[in-house]
Amino acid sequence: MVIIALGAIALHVMQNIRSFENSVVVTQDEKLLTVPAGTGRVAMEQLLIKEKLLKEGSYFQIFLKIKPELSQFKAGTYRLTKGMTLEDILLLIESGKEAQFTIRFIEGSKLSDWNAIFEQAPELSIVSTSMDGEKFRQEVGIKPEIENLEGWFAPDTYHYTAGTSDVAILKRAYQQMNKTLEEEWIKRDSDLPYNSAYEMLIMASIIEKETAIEAERTKVASVFINRLKKNMRLQTDPTVIYGLGDKYRGTIYRSDLNGYTPYNTYQIDGLPPTPIAMPSVASIKAAAHPADTRYLYFVADGTGGHKFSTTLTEHNKAVAQYRRLQQR
């Protein structure tokens with residue numbers, strides 16, 4: 001009778017453990033669970049209780065003795081989803097497949113915009129106190145000859161795990177931009193008026209701010225290349241806006257065009273001293289391979305694109321037409 005009773009108890013315990021193992025413990029749509037380095041069985045149980053995934057006095061320790069392979073806890077932050085059982089959670093932690101987060105920097109954004117994006121990024125470690133500091137430059141790998149960092153980081157979507165630093169992402173973005181620029185500089189057309197890859201990067205940033213239409217990039221590039229070859233000023237509004245900085249309030253006034261900043265291409269010859277944004281690969285390619293045109297001017301056409309012209313007379317007509325559309 002004693003043996004039968006013990007057997008019944010053992011059977012009852014095993015049934016409870018199976019129920020414990022297969023019961024759903026994640027009832028939220030999503031939950032992050034961070035497992036510290038060096039977490040053992042007891043610490044894991046306490047962590048799960050703290051996160052309300054386990055109750056006190058559960059079969060957790062017995063369960064781990066039955067399935068010791070699930071007690072290989074790899075440190076990290078894991079994304080738990082609704083419907084997961086305890087076994088699902090432990091299998092995920094054993095796999096080491098940490099939660100992935102994304103941060104996106106759009107084409108044409110400025111370095112100052114990136115700081116705000118970093119501040120809003122989930123589970124990201126903000127460690128850079130200054131992007132001008134020598135320590136930061138060494139960690140990212142910035143070349144010594146680069147003084148201004150504008151334009152040097154590739155706009156893209158970056159994936160990272162919890163605890164990744166902003167410096168680590170900037171290092172990836174810098175390496176990506178550097179690689180793209182070097183490759184396109186080598187493959188560039190032979191008759192371009194650039195003295196360096198940096199000047200091509202500056203041009204790419206201007207193209208980026210002038211149009212988001214893929215088919216127009218090389219045409220826009222051709223306008224600026226043609227003007228440089230003829231020693232004409234670029235006269236591009238995005239450089240004026242960049243030079244105004246915080247003074248820009250959404251409208252460019254005649255006084256802005258007539259005033260001097262190092263970026264006012266209505267007042268300076270050639271290219272501005274630095275890029276004015278983070279250009280896309282498409283804009284870098286356009287700067288390296290502009291269309292073969294005689295265009296010297298372009299203006300918005302009122303439909304999201306631009307009207308390109310070879311003479312000032314044609315351009316003035318296009319400007320007048322655009323203004324009429326604006327007045328409707």
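Predicted model: local features only at pLDDT ≥ 70, side-chain atom pairs only at ≥ 80, totals over all residues.
**Exercise 1: the domains**

Task: Find which domains the chain is divided into, and how far apart the centres of domain 1 and domain 3 are.

Solution: Start with the bounds. Domain 1 covers 1-95, domain 2 covers 100-182 and domain 3 covers 192-327. Then take the centres over C-alpha atoms: those of domain 1 and domain 3 are separated by 62 Å.

**Exercise 2: helix 7 against helix 8**

Task: Work out how helix 7 is oriented relative to helix 8, and which residues meet.

Solution: First, look at the axes. Helix 7 (residues 166-187) and helix 8 have axes that come within 10 Å and cross at roughly 105°. Angles of 65 to 115 degrees count as roughly perpendicular, so helix 7 is roughly perpendicular to helix 8. Next, list the contacts: from helix 7 come Met177, Leu181, Glu184 and Trp185, and they meet Ala197, Met200 and Leu201 of helix 8. Sorted by class, that gives 6 nonpolar residues, no polar ones and 1 charged.

**Exercise 3: helix 8 against helix 9**

Solution: Helix 8 spans residues 197-210 and helix 9 spans residues 217-229; their axes sit 10 Å apart, at an angle of about 130°. Now the side of helix 8: Met203, Ile206, Ile207, Glu208 and Glu210 meet Arg217, Val220, Ala221, Phe224, Ile225 and Leu228 from helix 9. The class tally for this contact is 8 nonpolar, no polar and 3 charged residues.

**Exercise 4: an aromatic pair**

Task: Count the aromatic pairs, then decide why Phe298 and Phe308 count as tilted.

Solution: With ring centres within 6.5 Å as the cut-off, the count is 12 aromatic pairs. For Phe298 and Phe308, the ring centres are 5.6 Å apart and the planes are at 35°, so the pair is tilted.

Key:
Residues numbered from 1 in each chain as written. Heavy atoms only, no water. Axes fitted to C-alpha atoms, helices over the stretch in contact; angles between N-to-C directions. Helix = DSSP H or I, 4+ residues; strand = E, 2+ residues; numbered from the N terminus. Contact = heavy atoms within 4.5 Å. Nonpolar A, V, L, I, M, F, W, Y, C, P; charged D, E, K, R; others polar. Domains from an automatic or database assignment. Phe/Tyr/Trp six-rings, centres within 6.5 Å; stacked < 30°, edge-to-face > 60°. Parallel < 35°, antiparallel > 145°, perpendicular 65-115°, else oblique.
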